Amino acid sequence: MNKKTLLVTTGLSGMIGNRFEELYGHKFEFENLDLTTGIDITNEKSVDNSIKNTEGEIILHLAAFTDVNAAASQKDDKNGLCYQVNVVGTQNIAKAAAKYDKYLIHISTDFVFDGSKKKPYTEEDQTNAIEWYGQTKAEAEIIVKENLKHYSIVRTSFPFRSKFDAKPDVVRKIIQGLKDDNLSPMFSDNFITPTFVDDLCKVFFMFTLKRPRGIYHATGSTSLSTYELAQHIKKTFNLPGKIIESSLEEYLKTASRVYPKSLKMSNRKLQEELGNPMLPVESALQIMKTQL
């Protein structure tokens with residue numbers, strides 16, 4: 001079977017891109033656009049030349065500056081790495097995709113919302129990011145929508161996977177903290193929607209086949225507090241450490257940066273239009289346990 005060619009901007013070394021290659025490498029020939037292959041996505045000419053010369057019809061744009069704390073220290077700095085990668089890099093990718101008629105799958109984040117909504121966020125909700133990382137990602141979404149007709153914006157939330165030494169995620173941090181019995185206090189009033197990377201990769205594969213247009217929430221099917229998440233993890237993996245309950249509201253009184261309080265996300269649109277492979281967190285943790 002002939003493989004399709006897929007452009008991936010993250011160098012398949014990122015937490016999501018690496019797993020996508022592991023799961024679907026038998027279906028695609030990857031053309032890797034990142035610094036390891038000499039491509040700087042913040043350089044417009046470099047990006048244009050790369051996309052001009054490829055036979056690939058699809059760009060999976062995963063490249064992003066995702067360190068929220070580091071982003072906060074760069075607030076309003078358009079020369080900072082966060083803005084350059086998330087905004088300028090996306091602009092270069094989007095312009096080239098439009099120019100050479102490529103279908104763009106752009107990954108975004110729940111941090112484009114302010115976290116004030118009690119019910120889950122849907123694709124129809126207005127973005128209103130309150131910190132720099134989310135603001136740069138929200139701006140990147142606008143760039144994609146303004147430049148392209150053939151695109152999808154895939155918002156995800158707190159991705160986690162079984163194994164990836166290069167970058168810890170929320171679940172593996174909790175696992176390690178419980179193993180070492182030094183887990184930081186967990187907030188019972190801070191709600192997130194953790195997303196199993198294997199499920200997210202299924203969505204990307206589905207999008208390469210169906211090429212839908214618009215914004216989709218590809219997040220897990222469970223929203224819960226980080227305190228509740230730690231309890232699920234402790235039970236699933238039978239870990240010994242203790243879990244201390246804490247309050248985000250109290251923490252923010254002395255914190256140096258703002259933080260969205262409730263990032264509950266609805267993936268109903270994905271279910272209704274395309275079929276939803278996103279598991280509840282309990283099921284995802286069980287699969288993770290077998291993988292480990």
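**Entry 1: aromatic residues.** I began with F207 and Y216 and found both of them buried. The model I am reading is a predicted one. I then looked up the aromatic pairs and noted 15 in the structure. One of them joins F207 and Y216 in an edge-to-face arrangement, with 5.3 Å from centre to centre and 80 degrees between the planes. I also recorded one aromatic cluster, formed by F20, Y24, F28, F30, F204 and F205.

**Entry 2: charges over rings.** I returned to Y216 and found K269 over the face of its ring, at 4.4 Å from the ring centre. I noted a further case at F191, where the charged end of K264 sits over the ring, 4.7 Å from its centre.

**Entry 3: the sheet.** I traced an open sheet of six strands, paired in parallel, in the order β2-β1-β3-β4-β5-β10. Strands β2 (28-32) and β10 (214-217) stand at the edges; each has a single partner strand, so one side of each lacks a neighbour in the sheet. I recorded an average twist of 25 degrees from one strand to the next. I then examined the parallel strands β5 (residues 151-156) and β10, which are joined by four bridges. I153 has I215 in β10 as its bridge partner.

**Entry 4: helices.** I looked up helix α1 (residues 15-24) and found that it lies across β1 (4-8), β2, β3 (58-61) and β4 (103-109). Helix α1 runs at about 155 degrees to β2.

I next located S50 in helix α2 (residues 44-52).

Methods:
Residues are numbered from 1 along each chain as its sequence is written. This is a predicted model: local features need pLDDT of at least 70, side-chain atom pairs count only at pLDDT 80 or more; totals for chains, interfaces and linings use all residues. Side-chain values use heavy atoms; hydrogens and water are left out. Rings of Phe, Tyr and Trp (its six-membered ring) pair if their centres lie within 6.5 Å; planes under 30 degrees apart count as stacked, over 60 as edge-to-face and the rest as tilted. Buried means under 20% relative accessible area, exposed over 50%, partly exposed in between (1.4 Å probe, protein chains only). A charge sits over a ring if NZ of Lys or CZ of Arg is within 6 Å of the ring centre and within 35 degrees of the ring normal. Helices (H or I, at least four residues) and strands (E, at least two) are DSSP runs, numbered from the N terminus. Two strands pair if DSSP finds at least two bridges between them. Axes are lines fitted to C-alpha atoms, for helices over the stretch in contact, and angles run from 0 to 180 degrees between N-to-C directions. Contact means heavy atoms within 4.5 Å.
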